[in-house]
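Please look over the chain and its fold before reading further. The report below is meant for a reader who has not seen this structure before.

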Amino acid sequence: MAEIIIFEPLELYNLLNQCCRVSRLAEINYLCLVDARETQDYTTSHIITAKNVKVDSEGTFLLPEAVEVDSMQHVVVYDNNTSNLLEQGRAAECAQALAKVSLSPVHVVRGGFQRFSGLYPFLRTEKIIYTITELENLKSYPVEIIAGLLYMGDQKQSMDSSVLKDLKISAVISISQRDTLEPKSIQGNQSVLHIPAADSVASDLYSSFERICSFIGTHINMGSRVLIVSRQGRSRCSAVVIAFLMHHLKYTLKDAWRYVLKCKPNMRPNTGFLQQLSDWELHITGSKVTNISEPNF
């Protein structure tokens with residue numbers, strides 16, 4: 001029987017917004033998202049791509065139709081407002097049924113639909129059936145690093161006015177060889193900090209870490225939301241996010257790396273930036289705690 005674990009809304013949000021050329025939601029064995037609420041509630045509104053689970057005449061939850069739960073990388077279930085695993089709600093009961101057949105841990109969303117849809121109303125829908133093409137073309141939002149404060153994405157997302165509006169972004173840090181965020185491409189009153197840097201092992205991000213951390217810190221200390229972007233949202237912006245977590249939360253390089261990897265599994269600072277992060281760790285902590293020659297780097 002698979003383990004049952006509570007899941008924060010941020011974690012589900014990030015699962016829904018993983019993208020590798022196209023949305024990962026189009027992968028048949030990527031995510032099994034189950035809505036354990038009554039059918040009437042589900043048809044009124046549910047989290048995007050969620051499937052409603054059925055119950056038999058005795059009230060026992062049945063496995064989702066046409067879904068091979070045992071092959072899924074991620075299995076997530078939610079009800080209306082379950083907040084912990086001790087509650088005997090529909091999410092907990094459904095999770096137990098799923099855990100009997102799943103090879104992956106079964107996650108129960110803390111706060112259920114009420115909390116998730118309150119935080120991310122733009123990920124609610126009435127749509128039930130999707131074609132593969134529709135799934136591939138679903139809009140992917142920047143991943144969330146610090147709940148309600150810090151996001152990481154690509155250049156295209158930073159120029160999408162609906163993304164900025166939905167996430168209530170107040171400031172954008174753009175890391176690119178040239179400033180692609182022209183004033184007309186930003187909708188609203190976002191502050192924009194451009195850091196000129198190419199994605200090459202010879203590029204210098206280290207000298208900008210202090211400035212970037214100060215910029216982010218100033219905004220999030222006021223409760224403002226910051227989006228960090230680079231062209232593909234994988235190398236430069238992830239290096240900057242790791243540097244900020246080391247500075248702001250006093251993480252080691254290894255801990256910050258693991259945290260960002262959990263938010264975006266395909267993030268990958270180049271080897272030059274990795275060395276600069278190691279130097280940054282020495283600056284922040286006074287010693288190089290992390291061995292960057294380990295295989296996981």
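What follows is a report on the cores, the helix packing, some individual residues and the cysteines.

The structure is a predicted model, and the descriptions below should be read with that in mind.

## The nonpolar cores

The largest nonpolar core has 40 residues, and among these I145, I173, L205, I216, I228 and I242 touch the most other members. The element that gives the most to this core is helix α9, which spans residues 236–248 and supplies nine residues. There is also a second, separate core of 34 residues, whose members include L15, L33, L227 and V229.

When neighbours within four places in sequence are left aside, L205 is in contact with I175, I195, A197, R236, A239, V240, F273 and Q276.

Helix α1, made of residues 9–16, is largely enclosed by the rest of the structure, because eight of its eight residues are buried. These buried residues are P9, L10, E11, L12, Y13, N14, L15 and L16, and one of them, L15, is also a member of the second core.

## How the helices pack

Two packed helices are described by the angle between their axes and the distance between the axes.

| Helix pair | Axes come within | Crossing angle |
|---|---|---|
| α10 (residues 253–263) and α11 (residues 271–285) | 10 Å | roughly 130° |
| α9 and α11 | 10 Å | roughly 10° |

With axes that cross at roughly 130°, α10 is oblique to α11. The residues that make this contact are L253, K254 and W257 on the α10 side, and L274, L277, S278 and E281 on the α11 side.

For the other pair, the axes cross at roughly 10°, and α9 and α11 are therefore roughly parallel to each other. Here the contact is made by R236, A239, I242, A243, M246 and H247 of α9, together with F273, L277, W280, E281 and I284 of α11.

## Residues and their surroundings

Y259 lies in helix α10 and, at 29% relative accessibility, counts as partly exposed. The side chain of Y259 reaches the backbone oxygen of I145 at 2.5 Å, and I145 is also found, with L245 and Y251, among the contacts of Y259 once neighbours within four places in sequence are set aside. The C-alpha atoms of Y259 and I242 are separated by 8.5 Å, although these residues are 17 residues apart along the chain.

A198 belongs to the loop between β13 (191–196) and α8 (209–220). Apart from neighbours within four places in sequence, A198 is in contact with Q177, S203, R236 and F273, and of these R236 and F273 are also in contact with L205.

S174 is placed in strand β12, which covers residues 169–176, and is buried with a relative accessible area of 0%. The side chain of S174 is joined to the side chain of Q155 by a polar contact of 2.9 Å.

D35, in strand β4 (residues 31–35), likewise counts as buried at 0% relative accessibility. A polar contact of 2.7 Å links the side chain of D35 with the side chain of Y78. Not counting residues up to four places away in sequence, D35 touches Y42, H46, A50, K51, N52, V53 and Y78.

## The cysteines

A disulfide is a covalent bond between the sulfur atoms of two cysteines. How many disulfides does the structure hold? The structure holds zero, and the distances from two of the cysteines can be set against the cut-off, by which the sulfur atoms must lie within 2.5 Å.

For C19, the closest cysteine sulfur is that of C20, and at 7.3 Å this is too far for a bond. C19 is partly exposed, with a relative accessible area of 27%.

For C263, the closest cysteine sulfur is in C237, and the distance of 12 Å is again too far for a bond. In contrast to the partly exposed C19, C263 is buried, with a relative accessible area of 5%.

Key:
Residues numbered from 1 in each chain as written. Predicted model: local features only at pLDDT ≥ 70, side-chain atom pairs only at ≥ 80, totals over all residues. Heavy atoms only, no water. Core = buried A, V, L, I, M, F, W, Y, C linked by side-chain atoms within 4.5 Å. Buried < 20%, exposed > 50% of the residue type's maximum accessible area, 1.4 Å probe, protein only. Helix = DSSP H or I, 4+ residues; strand = E, 2+ residues; numbered from the N terminus. Contact = heavy atoms within 4.5 Å. Polar contact = N/O pair within 3.5 Å; in protein donor to acceptor, adjacent residues only side chain to side chain. Axes fitted to C-alpha atoms, helices over the stretch in contact; angles between N-to-C directions. Parallel < 35°, antiparallel > 145°, perpendicular 65-115°, else oblique.
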